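Here is a short briefing on one structure. Look it over first, then read the points below.

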Amino acid sequence: VADELWPELERALHPYLKERLIGRFSVDVSAPADEILARVETIELELRRQKEDELLASLGPEIEAGRLYVGGLDAVLQSLNGKRVELLFAEDGFTAEGWYCPGCITLNAVGERCPVCGEKAEWVPDIVEEAREAAVRQDAEVMVVEAGHPAMKQAGGIAVRLRY
């Protein structure tokens with residue numbers, strides 16, 4: 001669509017489509033599909049980085065204020081066990097061993113006994129991976145953040161934004 005026709009096209013879009021519109025660019029109608037896909041991927045990557053930067057900028061102050069963000073492995077696992085997680089932040093490469101109770105599906109950083117049901121828990125070499133999987137099962141968003149960000153360092157490598 002020519003730039004001068006864009007406002008008219010945008011007005012005609014259904015609101016469902018308008019709210020999903022994240023960017024636009026000009027391209028020749030005969031452009032190959034891989035060129036168009038590359039341009040779309042660039043826009044998506046830029047949007048993802050912008051969102052990540054905004055979330056990480058608010059992470060430290062929100063954790064300090066004790067509002068809807070918590071950091072640290074123990075607090076994150078407790079939040080996941082309570083099914084309160086909306087968004088999980090995990091630093092790329094961050095791992096920790098921990099414990100998983102197959103009986104009541106509880107994640108715990110320490111202890112061979114489940115703190116919920118008292119049954120014997122299973123040791124897992126990477127409880128962070130289990131935490132990511134638990135977040136996905138709870139329909140939470142999972143964001144793997146580049147290692148070394150100060151907010152993630154402050155959070156202990158892992159944090160969550162709570163649903164409530």
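Which residue caps the N-terminal end of α5? Asp126 does: one of its side-chain oxygens lies 3.1 Å from the backbone nitrogen of Val128. The model is predicted, so local features need pLDDT of at least 70 and side-chain atom pairs count only at pLDDT 80 or more, while totals for chains, interfaces and linings use all residues. Residues are numbered from 1 along each chain as its sequence is written, and side-chain values use heavy atoms, with hydrogens and water left out.

**Helix α5**

- Helix α5 spans residues 127-137. Helices here are DSSP runs of H or I with at least four residues, strands are runs of E with at least two, and both are numbered from the N terminus.
- Its buried residues are Ile127, Val128, Ala131, Arg132, Ala134 and Ala135. They cover an arc of only 165° around the axis, which puts them on the same side of α5.
- Buried means under 20% relative accessible area, exposed means over 50%, and partly exposed lies in between (1.4 Å probe, protein chains only). The arc is that of the directions from the helix axis to the C-beta atoms.
- Val136 and Arg137 are exposed, on the face of α5 turned away from its buried side.
- Asp139 follows α5 and has a positive phi, near 60°.

**Helix α4**

- The buried residues of α4 are Leu73, Val76, Leu77, Ser79 and Leu80. Their arc around the axis is only 160°, which puts them on the same side of α4.
- An α-helix has 3.6 residues a turn, so residues three or four places apart point the same way.
- Cover for the buried residues of α4 includes β1 (69-71), β2 (85-91), β4 (106-108), α5 and β7 (158-162).
- Ser79 lies in α4 and is buried, with a relative accessible area of 6%. Leaving aside neighbours within four places in sequence, Ser79 is in contact (heavy atoms within 4.5 Å) with Val70, Arg84, Val85, Val160 and Leu162.
- Asp74 is also placed in α4. Asp74 is partly exposed, at 45% relative accessibility. Its C-alpha atom is separated by 45 Å from that of His14, 60 residues apart along the chain.

**How α4 and α5 pack**

- Helix α4 (residues 73-81) packs against α5 at an angle of about 30°, with the axes 10 Å apart. Axes are lines fitted to C-alpha atoms, for helices over the stretch in contact, and angles run from 0 to 180 degrees between N-to-C directions.
- On the α4 side, Leu73, Leu77 and Leu80 meet Ile127, Val128, Ala131, Ala134 and Ala135 of α5.

**Cysteines**

- The structure holds 0 disulfides (pairs of cysteine sulfur atoms within 2.5 Å).
- Cys101 has its closest cysteine sulfur in Cys117, 3.6 Å away, too far for a bond. Cys101 is buried, at 1% relative accessible area.
- For Cys104, the closest cysteine sulfur is in Cys114, at 3.4 Å, again too far for a bond. Cys104 is partly exposed, with a relative accessible area of 28%.

**Glu62**

- Glu62 is found in helix α3 (residues 33-65) and counts as buried, at 19% relative accessibility.
- Its side chain makes a polar contact with the side chain of Arg67 (2.9 Å). A polar contact is a pair of N or O atoms within 3.5 Å; within protein, one must be able to donate a hydrogen and the other to accept it, and residues adjacent in sequence count only if both atoms are side-chain atoms.
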